[in-house]
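Okay, everyone, thanks for coming. Let me put the structure up, and then I'll talk you through the fold and the aromatic residues.

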Amino acid sequence: MDIHSRYRLETGQIDTARIKRDLPISSVVGHVANLSQRGDELVALCPLHHENNPSFYVNDAKGVFYCHGCGQTGDCIRFIQIFYNVSFLEACEWLAEFGGCHAPATPHQRFFQRKDRQLNR
């Protein structure tokens, strides 16, 4: 699997700043959680653990999430790492798919379909 060239620097390294700039954290988290506006932030039930009261906050201006229940925090890359239990590189690949999403399949489905094909070679 490879990351689209628009998310690569000239050196070949992953352009994490561009991934984060192109994909607001609310759009990434909103794919798996029902976010509601609360002041300057968005809030939801934490998708990382079971809870009855919303304690999961997303701040697009800062590009971060924080859960007051389980203490998990980070950016969109870290969220994907935790939620799907994948490596940093796999999270960047998932986000690159999400950012270029035009096919009817979800980024999650396309990412893991490609991963399955690689394992079955």
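So, five helices and five strands in the protein chain. Starting at the N terminus, the elements go α-α-β-β-β-β-β-α-α-α. Keep in mind that this is a predicted model. The chain has 121 residues, and 38% of them count as buried. The accessible surface is about 7,100 Å², with 47% of that belonging to carbon and sulfur atoms. As for contacts between residues at least 6 apart in sequence, 40% of them join residues at least 24 apart.

Now the sheet. The five strands make an open sheet, in the order E1-E2-E3-E4-E5, and the pairing is antiparallel. Which strands stand at the edges? Those are E1, residues 36-38, and E5, residues 73-74; each has a single partner strand, so one side of each has no neighbour in the sheet. Further in, E3, which is 56-59, pairs with E4, which is 64-67, in the antiparallel sense, over four bridges.

Buried or exposed, for Phe79? Buried: its relative accessibility is 1%, and the cut-off is under 20%. Phe83, on the other hand, is partly exposed, at 29%.

Now go to Trp94 and Phe98. Their ring centres are 5.2 Å apart and the planes are at 15°, so this pair is stacked as well. Both lie in helix H4, residues 88-99, again four residues apart and about one turn of the helix. Trp94 is buried, with a relative accessible area of 1%, and Phe98 counts as buried too, at 15%.

One last thing, involving another ring. The charged end of Arg18 sits over the ring of Tyr7, 6.0 Å from the ring centre. That's what I have, thanks.

Key: Residues numbered from 1 in each chain as written. Predicted model: local features only at pLDDT ≥ 70, side-chain atom pairs only at ≥ 80, totals over all residues. Heavy atoms only, no water. Pairing = 2+ DSSP bridges. Helix = DSSP H or I, 4+ residues; strand = E, 2+ residues; numbered from the N terminus. Buried < 20%, exposed > 50% of the residue type's maximum accessible area, 1.4 Å probe, protein only. Contact = heavy atoms within 4.5 Å. Areas by Shrake-Rupley, 256 points an atom, 1.4 Å probe, with all protein chains shown as cover. Phe/Tyr/Trp six-rings, centres within 6.5 Å; stacked < 30°, edge-to-face > 60°. Lys NZ or Arg CZ within 6 Å of the ring centre and 35° of its normal.
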